[in-house]
Amino acid sequence: MSKLLIVESPSKAKTLQKYLGNKFEVLASYGHVRDLIPKTGAVETDNNFKMNYAIIERNSRHVDEIARAVKKSDEVYLATDPDREGEAISWHILEILNEKKLTKDKLIKRVIFQEITKSAIEYAIEHPRDISMPLVNAQQARRALDYLVGFNLSPLLWKKIRRGLSAGRVQSPALRLIIEREIEIEKFISQEYWTIHLDSIKSKNKFQAKLIQLDNKKVEQFTIVSKEDHENIVGKLLLESAGKTKVTRVEKKQRTRNPAPPFSTSTLQQESVRKLGFTTSRAMRIAQQLYEGLDTGNGAVGLITYMRTDSLSLSNEAMNQIRGYIQSNFEADYLPKAPIFYKTKSKNAQEAHEAIRPTDISRTPQSLIGKLSPEQFKLYEMIWKRSLASQMTPAKFDAVSVDLAIGSEANLFRATGQTLIFPGFIAIYTESLDDASNEDEDSLKLPPLETGEILTVDKIYGDQHFTEPPPRYSEASLVKSLEEYGIGRPSTYASIISTLQDREYVILDKKRFMPTDVGRVVNKFLTEHFTRYVDYDFTAGLESSLDDIAENNKEWIPLLKSFWDDFNKTIIDKSNIDRAEITQEAIHEDCPKCSKPLFSRLGRRGKFIGCSGYPDCDYTRNVNGDSSAPNEPVLVCKDPETGKDVLLLVGPYGPYLQVGAQEEDSKKKPKRVSVPKEISLSDLNEGIALNLLSLPKELGLHPETGKKVIVNIGRFGPYVNYDGKFKSIPRSESIFDITLDRALELIAEAIAKNAPLRVLGNDPEENLSVEIFNGRYGTYIQKGSTKVTLPKDQDIEKITLEEALILIANKEASSKGKKKTVAKKTTVKKASEKKAATKKPAAKKKVVKAKKV
C-alpha cells in the first residue's frame, strides 16, 4: 500500500522523509498552490461572494507532481502548516485533486503537528482528521476582504495621488500609527525642569538622594522650572543643612521579579529586533529554518516548534522535560514547586498551538556550535534560554528606601537601592524592553543606615532636564502596538512592515520608522475619506469576526456582505474628489513673484512649495524654504586616502557622493557612490560617507567555490555580487551590517530562482546542456544561447531530450535564414546608397523671404 504525505516546504519534506523512510513518499507544495485570479471579478460580490481561483503559475509543476503521485497512492495525508493558511492550502490541494477526479477510492486525511519530531509525526498520522472548513472559511474571508480593499481602493489612490500606490486593510492602520506618532513628535514643545540632589557620606561611602518634598509640599516634575528657581532652592537648603542631614525613615523589603513567558510569534519578533538586531522578516525566516529542520550531524531535525502562534502555553510533555532539565542542572532553589502556566493578554489571540520552544530542551545551544549558521545559533539560543527561564523561580532582591531631612522634616530627600540576593531565572535570561533607560537598577547600593542617624552632606546641587517627545516606532515597538490594538495577526506583521517600506510610505532612520511625504498624503486621504477603514477598533473588530468564523461561531458570507455594502458605497461616493484637494494644501503665504497663494504640493521627489498661479507663475521652493536653484556640491569630509574633498551632489537618480571635482582636461571620472534612500541626508556624516566610499566591499569567500562575495550599491540600490550573479539587499537591511552568512542566503535565493525546472541532458554533438527554465513569458528550453518558448499547455515533464533538440535545431535554422535575409538586404541597401552617391546633387531651391509689412 503506497502512502503520500504533502507538506508546504521542500526542506520540511526532506526532514519528514528522514523520519518516515520508505513508508511514505513526501512531496512539497512550495507554499500556496492557488490564489484569486489577479484581476477584477476574482470575488463576485453580486454572486454570493463566489471566489475565482487559479493555480499559481510558479507552482503549477509542483501541483502536477502531486497529482501524479496521488494517482499511484492509496492514502494521502495533507500535512501543511498547523494554522489557517496551512488549512486553506490543504483544502486547495484537495479541491484541485477533486477537479482532476483523482480522489475516488482513496483515503485523504488532514494531519497536523506542532513540531517536527518522530513522536509528533507518528502521533499525527495515527490521529488524522478531516479538513476544518471553519478554518478554511476564516482564511477565505480574510483573503476576500484584503482583495476587496486592495483592488478597489488602490486604483483610487493611483487616480488621485500617484500610480503604483496601494492601500491595505491592515497596512493602512499600521501606517496611521506611524504618522500619528510623527505628528505627536512635531507638535511636541520641550519644557525645562530641574531636579535637586543630595550627596551624603557615611563611613567614606557616598550615595545620592533626590528631593521629594520642599516646605511640606510634594515636589512634582515641574515644581522647579528655571535656573533661578533651582539656585534659590539649593542656596536655601545648603543654609538649612549646615553640612548635616538626618535619616528620618529606613524601609527594607524583599521584592521578586517573575520570568517572562515563552515566546509567541509577536514576542519572538520583538526580542529578535531588540536583542539580536534582526528585522522581523529575517527573524521569521530563520525561525522557519529551525522549525523545518537542519542537519545537526545525524540528518535534518526540527529544532523548534511551529513559529506562528499566539499561545504562551507549553505541553505537559515539554513542561516536564524542562523541569527535569532544571532539576538535573541547577540547585533545588531554581525549580518552582509547581509548573508555571501563562496566558496571553493580547487581543484576538488564538491559543490552539503551543508557544515557541525547542523540540528537545536537552539539545543545548553549546551542542549546536558549528552546526548552525551564526544567525540560526543566536535565535535558537534565545528561544532555548527563554523557554528554560520561563519555568524557573523568580529573582529575589533586597530593596531599601531611605528618607533624609534637611533642616527639618519639611524638606525631604529620598534614596533607593536594591541588591540581588538570588538570581533565579536571571541566571539564564532577562527580557529586553523598548526604549528602556540605561540606568542599572542594581548599581545603587546603600550603606547600612538607621533612623535618627546624622550624616555628613557632601553637596547639594541641581540637574537641568528637558522633556522629550515620544520616540518613533522601531520594528519591535510597532509590532507590540499592532498586537495591543488587535491589528492583523502576528504571522502578518513582518509582511505589513515590508509592504510599508516597499511602497516607500516609511523609511527606517536609525532603526526608527519615519513617514515619507507620499505616506503622509496617502494617510491623510484615507483618514479623511475612509475613516472607518483605518480605525483601530474597526480593524480589530474584523479580526475578532474572523476568529469567530474560525471557531464556527459566525458565518463568513454575511460578514463579507456587511463589509462590502458600506465599503463599495464609500468608494463610489469618493470617486469624484478633486486630486488637488488631496495632494496640496494651503500654507497661508503669498508668492513673492506674483502675490498669489502658495501651496504645499506632492511632486515626484516629495513635497515642495509651489505657486497657485502655475503655469503663468513658475515659482517653487523646497519645503525647507530654499528657493529653487542649481544644485551646489556640499562638502561632507576629506577622503583620508587621497586628501580630496568628499562632495554630496544630486543627480537624475538621486543623491550621491563624489571624491574630488571633475577635472576639465581629464576624461577619467572621479569615484562616485549613490546614497541609499534609507539614509537621511540630514544624518549624512563623515562616518557614513567613508563607509559608503569603502564600497564595493568584500565580505569573504564562498565556502563551496572559494569565489569572492561582494556588496555594493548600484543604480537600483544595495546588492550582493557573487560569480556574476546579483541579488538586491532588502530595504529593511543595512548594507553596512550585512554578514557573509546573510549574503550567502541571498545568493542561494538568487541561484534557486534561476535554477532550471528540468535538466534534459547534453547535446551529443556540442556537449552543451539542454535545460527547461521558467521565464518572464513562460517556460522555455535553452541550449547555449538558443532559447525556444514552449506552449502554455505543454507538459514539461513529458518532453524528451530528442524532442527538445529538434525544437532547438528548427529555431537555429530559422534564425540563420533571417540572418541571411538581413545580410542580403544590407548588401542591396549599400549598393543603392553607392549608386545614389554618384548622382549629381539636386539644385538648391530659392528661399523667398516674406517682406515685413
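A residue counts as buried when its relative accessible area is under 20%, as exposed when that area is over 50%, and as partly exposed in between. The legends below use these words for a predicted model.

Figure 1. Of its 853 residues, 47% are buried. Among contacts with a separation of 6 or more, 65% are between residues 24 or more positions apart. The chain exposes about 46100 Å², and carbon and sulfur atoms supply 50% of this area.

**Figure 2. Strand S9 and its surroundings.** Strand S17, residues 454–466, pairs with S9 in the antiparallel sense over 10 bridges.

**Figure 3. The hairpin of S9 and S10.** Strand S10 spans residues 205–214; S9 and S10 run antiparallel and are joined by 6 bridges. Leu198 has Ala209 of S10 as its bridge partner. The two strands form a hairpin with 2 residues between them. Ser203 lies in the turn and has a positive phi of about 50°.

**Figure 4. Ser387 in helix H11.** Helix H11 runs over residues 374–389 and includes Ser387. Ser387 has a relative accessibility of 0% and therefore counts as buried. Leaving aside residues up to four places away in sequence, Ser387 touches Ile322, Ile356, Arg357 and Pro358.

Figure 5. The structure holds 0 disulfides. Cys591 is in no disulfide, and the nearest cysteine sulfur belongs to Cys617, 3.7 Å away. A disulfide needs two cysteine sulfur atoms within 2.5 Å. Is Cys591 buried or exposed? Cys591 counts as buried because its relative accessibility is 3%.

**Figure 6. Cys594 and the sulfur of Cys611.** Cys594 is also in no disulfide; its nearest cysteine sulfur is that of Cys611, at 3.4 Å. With a relative accessible area of 30%, Cys594 is partly exposed, whereas Cys591 is buried at 3%.

Notes:
Residues numbered from 1 in each chain as written. Predicted model: local features only at pLDDT ≥ 70, side-chain atom pairs only at ≥ 80, totals over all residues. Heavy atoms only, no water. Helix = DSSP H or I, 4+ residues; strand = E, 2+ residues; numbered from the N terminus. Buried < 20%, exposed > 50% of the residue type's maximum accessible area, 1.4 Å probe, protein only. Contact = heavy atoms within 4.5 Å. Areas by Shrake-Rupley, 256 points an atom, 1.4 Å probe, with all protein chains shown as cover. Pairing = 2+ DSSP bridges.
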